[in-house]
Amino acid sequence: MIMITARVAAYVLRQIDPDVVAAFPITPSTEVPQYFSQFVANGQVRTEFVAVESEHSAMSACIGAEAAGARTMTATSSQGLALMWEMLYIAASMRLPIVMTTVNRALSAPINIHNDHSDAMGARDSGWVQIYNENNQEAYDSLIMAIRVAEHADVQLPVMICYDGFITSHSVENIMLLEDDLVKSFVGEYKPQYSLLDKEHPVSMGMFDLPAFYFEHKRQQAEAIKNAKQVLIDVQNEFAKISGRQYGLFEEYKLDDADIAIVIANSTAGTAKDTVDMLREQGVKAGLLKIRLFRPFPADEIVKALSHVKAVAVMDKAEGFSAAGGPIFVDVRSAMYGKADGIKVINYIYGLGGRDVGVYDVKRVYDHLQTIADSGQIDNLYNYLGIRE
């Protein structure tokens, strides 16, 4: 079937048929609740659709619904995610397995409706599991798997499924869909461990937490997000059996024998793959590692995958404003410290506010890496791609 990704996300929601969807429209995620609301209006789902006046209220409604024992989903982008900031932390800290489609868009100011990763990267330490997706097939599959990861007894945390605004969300691509019954069987019936509506087993949620207990609760939360890595591996293996599509914590593209490699996330990975193919035809041993799971960060696995290369460029579609590198770069370089010290690692910031990045732009990065690999010297650690200086 040919479908745009915004409709794909709504289609997944229809197949899952969650108990509650609360949302406020914001470009470019608007079509997700818009299309889904049509399924609600047509009686194709039993979902209670809650139209609210802001994204802060949308996440507040999701928190209340999930705390009451309802399987809950939503979608947002950019300023909408930023307006949810307070509630993102509350959802994660209350251990509520909400699943949210995050259609990545640049944050203001100045206002920009196009794609970069500043929204989700800004929320990377909020306690949500984050999974990044290159195309609509990955987004579709990841949304189905996210339910199982979020609701797993060893996790019980919200999950953010990220894909690029407009570039992916409004692109038309072929997609392999699963049968409705197969999706419903895979996600299963939601059986919350705790519910505010369970009068036989009363609980308190989000209460005041004094120093005597708060630290331990944060430690439990940290352990839960660590558990999400293995849970995702297990869920992906199960999903492969019903779909024929196997996913990992990240994707390795022609990386086995690569001398130089790029680490990148979301749609630009497709452009980078074309660049790798072109360079391979020229005899250059180029490779690529595409981030999928970013929170929790699969540090050891990424270090192992990159351990044989000579030079790596970590590509960030978000400025970290730390003067030390973008968010993915900081994590990758930190992971490699003391474990792969001989590898030269540099950072490139690219594509902010939707700036186009083509094959020959990416080739410039590989050319830079080849120079570093040949000389053994890093000239510029912190670089910008395709900017007017």
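The model being predicted, local features need pLDDT of at least 70 and side-chain atom pairs count only at pLDDT 80 or more, while totals for chains, interfaces and linings use all residues. Residues are numbered from 1 along each chain as its sequence is written, and side-chain values use heavy atoms, with hydrogens and water left out.

Let's start with the sheet. Seven strands make up an open sheet with mixed pairing, in the order β3-β2-β4-β5-β7-β6-β12. Here strands (E, at least two residues) and helices (H or I, at least four residues) are DSSP runs numbered from the N terminus, and two strands pair if DSSP finds at least two bridges between them. The edges belong to β3 (48-51) and β12 (293-295); each has a single partner strand, so one side of each is left without a neighbour in the sheet. On average, neighbouring strands of this sheet are turned by 20 degrees against each other, direction ignored. Within the sheet, β4 (residues 72-76) and β5 (residues 99-104) run parallel and are joined by four bridges. Thr-74, for instance, has Met-100 in β5 as its bridge partner.

On to the helices. The axes of α7 (residues 136-151) and α8 (residues 180-187) come within 8 Å and cross at roughly 35 degrees; axes are lines fitted to C-alpha atoms, for helices over the stretch in contact, and angles run from 0 to 180 degrees between N-to-C directions. From α7, the contact (heavy atoms within 4.5 Å) takes in Tyr-140, Ile-144, Met-145, Ile-147 and Arg-148, and from α8 it takes in Val-183, Phe-186 and Val-187. By class, that gives seven nonpolar, no polar and one charged residues.

As for aromatic rings, five pairs turn up in the whole structure. Rings of Phe, Tyr and Trp (its six-membered ring) pair if their centres lie within 6.5 Å, with planes under 30 degrees apart counted as stacked, over 60 as edge-to-face and the rest as tilted. Phe-36 and Phe-39 have ring centres 6.5 Å apart and planes at 75 degrees, so this pair is edge-to-face. Both sit in helix α2 (residues 31-41), three residues apart, or about one turn of the helix.

Finally, there's the lining of the largest pocket. Helices α5 (85-93) and α9 (211-243) each supply at least two residues to this lining, and α9 gives the most, with five.

How values were computed:
Ala, Val, Leu, Ile, Met, Phe, Trp, Tyr, Cys and Pro count as nonpolar, Asp, Glu, Lys and Arg as charged, and the others, Gly among them, as polar.
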